[in-house]
Amino acid sequence: MARAARGMLLMFLLLWGAGLASAQDSCEEKATSNLAIPELSWHYDAEEGLFSLTATLLNVSSANVKGAAVVVELYDASGNLVADGWTLSRPATLSPDEVGEINLYLRLKSYPAVVKVLPDEGRGYG
């Protein structure tokens, strides 16, 4: 049950974050992502102090996406950022409708209260 509640909280936070990002967009052009995150799971091992995240990225555009990645931010119960990370998918360039795999590991001192995961692209590619 705790895992289901965690999953629902994560989905709420992802949708809420997407809503905030679009509400804060003041540019004339609307920013869109060429990537979607169809699968996501994470686990925190308190004994090891290890946070692990696995996800898949899907290229939802009609062009290749170079530098397909995710950005992860972890917050404590007070809303303070306690850790963050970024990692490329395997493969790093995704063709249209292609799926890439993500694995990220971070050392933490305590269980994260909020996990924020966003697709990212183009970083590290000129």
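This is a predicted model: local features need pLDDT of at least 70, side-chain atom pairs count only at pLDDT 80 or more; totals for chains, interfaces and linings use all residues.

Biologist: How many bridges join strand S1 to strand S2?
Modeller: S1 covers residues 35-45 and S2 covers residues 50-59. The two run antiparallel. The number of bridges joining them is nine.

Biologist: Which residue in the hairpin of S1 and S2 takes a positive phi?
Modeller: The hairpin has four residues between the strands. One of its residues has a phi near 70 degrees. That residue is glycine 49.

Biologist: In what order do the three strands of the open sheet lie?
Modeller: S1 stands at an edge with a single partner strand, and so does S5, so one side of each is left without a neighbour in the sheet. S2 and S5 run antiparallel and are joined by nine bridges. The order is S1-S2-S5.

Biologist: What does the twist average from one strand to the next?
Modeller: The pairing in this open sheet of three strands is antiparallel. From one strand to the next, the twist averages 15 degrees.

Biologist: Which residue in S5 is the bridge partner of leucine 57?
Modeller: S2 and S5 are antiparallel strands. Leucine 57 has its bridge partner in S5. The partner is glycine 100.

Biologist: Now the rings. What kind of aromatic pair do tryptophan 42 and tyrosine 111 form?
Modeller: A search of the whole structure finds three aromatic pairs. In this one the centres are 5.8 Å apart, with 55 degrees between the planes. Edge-to-face needs over 60 degrees and stacked needs under 30. The pair is therefore tilted.

Biologist: How many residues apart in sequence are the parts that this pair ties together?
Modeller: Tryptophan 42 lies in strand S1. Tyrosine 111 lies in the loop between strand S5 (99-107) and strand S6 (114-120). The pair therefore ties together parts whose separation in sequence is 69 residues.

Biologist: Is tryptophan 42 buried or exposed?
Modeller: Buried means under 20% relative accessible area. Tryptophan 42 has 9% relative accessibility, so it counts as buried.

Biologist: And what kind of aromatic pair do tyrosine 44 and tyrosine 111 form?
Modeller: Tyrosine 44 sits in strand S1, 67 residues from tyrosine 111. Their rings are 5.8 Å centre to centre, with 85 degrees between the planes. The cut-off is over 60 degrees, so the pair is edge-to-face.

Biologist: Which residues do ring pairs link into a cluster?
Modeller: Tyrosine 44, at 8% relative accessibility, counts as buried. Tyrosine 111, at 44%, counts as partly exposed. Both belong to the cluster of Trp42, Tyr44, Phe51 and Tyr111.

Biologist: Last one. What separates the C-alpha atoms of leucine 58 and glutamate 101?
Modeller: Leucine 58 is in strand S2. At 23% relative accessibility, leucine 58 counts as partly exposed. Glutamate 101 is 43 residues away along the chain. Their C-alpha atoms are separated by 9.2 Å.

Methods:
Residues are numbered from 1 along each chain as its sequence is written. Side-chain values use heavy atoms; hydrogens and water are left out. Two strands pair if DSSP finds at least two bridges between them. Rings of Phe, Tyr and Trp (its six-membered ring) pair if their centres lie within 6.5 Å; planes under 30 degrees apart count as stacked, over 60 as edge-to-face and the rest as tilted. Buried means under 20% relative accessible area, exposed over 50%, partly exposed in between (1.4 Å probe, protein chains only). Axes are lines fitted to C-alpha atoms, for helices over the stretch in contact, and angles run from 0 to 180 degrees between N-to-C directions.
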